[in-house]
Amino acid sequence: MAKVTIDGHTIEVPDGTTILEAARKIGGAIVPPAMCFYSKLKTSGGYCRTCIVKVSKGSDKDPRPMPKPVPSCRQTIMDGMVVENITSPEIMEARAGVVEFLLINHPLDCPVCDQAGECHLQDLGYEHGKAGTRYEFKRRTFPVMDIGDNIKLHMNRCILCYRCVKVADQLCPGRVHGVIGRGDVAEISTYIQNAVDNEMSGNMIDVCPVGALTDKTFRFKSRVWFTKPVNAHRDCDKCCGKVTLWESGNEVLRVTACKDTYGEVEDVADGKPGWICNTCRFDKKNITDWTIEGPRKIDRHSVISANHYLEQKALKMDIKMQKLLGEKAHN
Ligand code: SF4
Ligand code: SF4
Ligand code: FES
């Protein structure tokens, strides 16, 4: 076991735990945002840099600080480590820079984007974004593409987090989808436009942190805040059959996996992630297909959570205050 202190909160966690996982155990505003890490997908993380933190003390044995911000999703803790996230003005500034980079090529699509209202990039933009851009070049653009019968790809909105690639790799045998090209020509592709028709491919939509992969059966049907999420299940021989139904009146507009506070698929009874199959997701759109369990509580990354943006506003004030205090101490 090892002790780590994150923004003044100390916790003891098993050796090998990452800073991000330790922060999630503490919970609340000190948890760094994560756009590419997804605990249920092996080798995810390390791509986006939104989760950076400052390690102001390496460990009890070697108390030297780490010279640069570190990605908390990859850095494991050492006994006695001291970490700063929202209490570090430099980290807040560096994260704002990361967000600026993420938005360089990102379109202002929120009013027409299905992810709006539950988008992690929208949250980051709200917390750290600036009204203008310093980018003077032409944004890269791609045509909207069909990838398979049920998924639409808006490559313009993709932040190349690789989560969908990990789903394809780890859940869909014989995958036909990945990232081609590198640098500013990197893009998600199904190679020669092959259909992503694997029975578990719809999970790519659930893991996509932005509105790049959208569910064709839900596109433009409703804004997410007009829907009512409920927990439901059915007997399914392909997946766990446990889902969240997003209803409007008696109509089921969308079916997703059940997700936790961090937008990740919850574990089901046998301790395995509750990925769902395409039959449950795309073909079971009648209330009578499901046994309804009750309303689902949605928090953190969604406008559906009551007072979410009031909490965000309070966090923003907190960050500003920390920055002022930091500057004062510096002077
Ligand atoms: S992905 Fe998020 S930030 Fe981008 S347009 Fe859609 S809602 Fe807006
Ligand atoms: S399509 Fe979505 S999940 Fe896939 S790399 Fe792009 S942002 Fe990530
Ligand atoms: S979440 Fe850590 S680098 Fe993306």
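**View 1. Lysine 54 in strand E3 of the predicted model.** Lysine 54 is part of strand E3, which covers residues 52-57. The model shown in this and the following views is predicted. With 20 other C-beta atoms within 10 Å, lysine 54 counts as buried, because the cut-off for a buried residue is 20 or more. Not counting residues up to four places away in sequence, lysine 54 touches Pro69, Val83, Glu84, Ser88, Glu90 and Ile91. Glutamate 84 is 30 residues from lysine 54 in sequence, yet their C-alpha atoms are 5.1 Å apart.

**View 2. Isoleucine 19 and the largest nonpolar core.** The largest nonpolar core holds 65 residues, and the members that touch the most others are Ile19 and Met204. At least three residues of this core come from domain 1 (2-100), and at least three from domain 2 (222-300). When neighbours within four places in sequence are left aside, the contacts of isoleucine 19 are Val4, Ile6, Val53, Ser72, Gln75, Ile77 and Val83. Val83 is also one of the residues touched by lysine 54.

**View 3. The shell around ligand 1.** The residues around ligand 1 include the cysteines Cys110, Cys113 and Cys119. His106, Asp109, Gln115, Ala116, Leu121, Gln122, Arg157, Val210 and Gly211 complete the list. By class, six residues of this shell are nonpolar, four are polar and two are charged.

**View 4. The shell around ligand 2.** Ligand 2 is surrounded by 13 residues. Cys158, Cys161, Cys164, Cys208 and Ala212 are the closest of them. Twelve residues of this shell are nonpolar and one is charged, with no polar residue present.

**View 5. The buried face of helix H3.** Helix H3 runs over residues 120-128, and its buried residues are His120, Leu121, Asp123, Leu124 and His128. Seen down the helix axis, these buried residues fall within an arc of 155°, so they line one face of H3. Leu121, one of the buried residues of H3, is also among the residues around ligand 1.

**View 6. The protein chain as a whole, for orientation.** The protein chain contains seven helices and 14 strands. It has 331 residues, of which 38% count as buried. Of the contacts between residues at least 6 apart in sequence, 64% join residues at least 24 apart. The pair lysine 54 and glutamate 84, shown in the opening view, is 30 residues apart in sequence.

Technical notes. Residues are numbered from 1 along each chain as its sequence is written. Chains are lettered from A and ligands numbered from 1 in the order in which they are written. This is a predicted model: local features need pLDDT of at least 70, side-chain atom pairs count only at pLDDT 80 or more; totals for chains, interfaces and linings use all residues. A residue is near a molecule or strand if its C-beta atom, placed from the backbone, lies within 6 Å of it. Ala, Val, Leu, Ile, Met, Phe, Trp, Tyr, Cys and Pro count as nonpolar, Asp, Glu, Lys and Arg as charged, and the others, Gly among them, as polar. A nonpolar core is a set of buried Ala, Val, Leu, Ile, Met, Phe, Trp, Tyr and Cys residues joined through C-beta atoms within 7 Å. A residue is buried if 20 or more other C-beta atoms lie within 10 Å of its own, exposed if 12 or fewer, and partly exposed in between; C-beta atoms are placed from the backbone. Domain bounds come from an automatic or database domain assignment. Two residues are in contact if their C-beta atoms, placed from the backbone, lie within 7 Å. Helices (H or I, at least four residues) and strands (E, at least two) are DSSP runs, numbered from the N terminus. The arc is that of the directions from the helix axis to the C-beta atoms.
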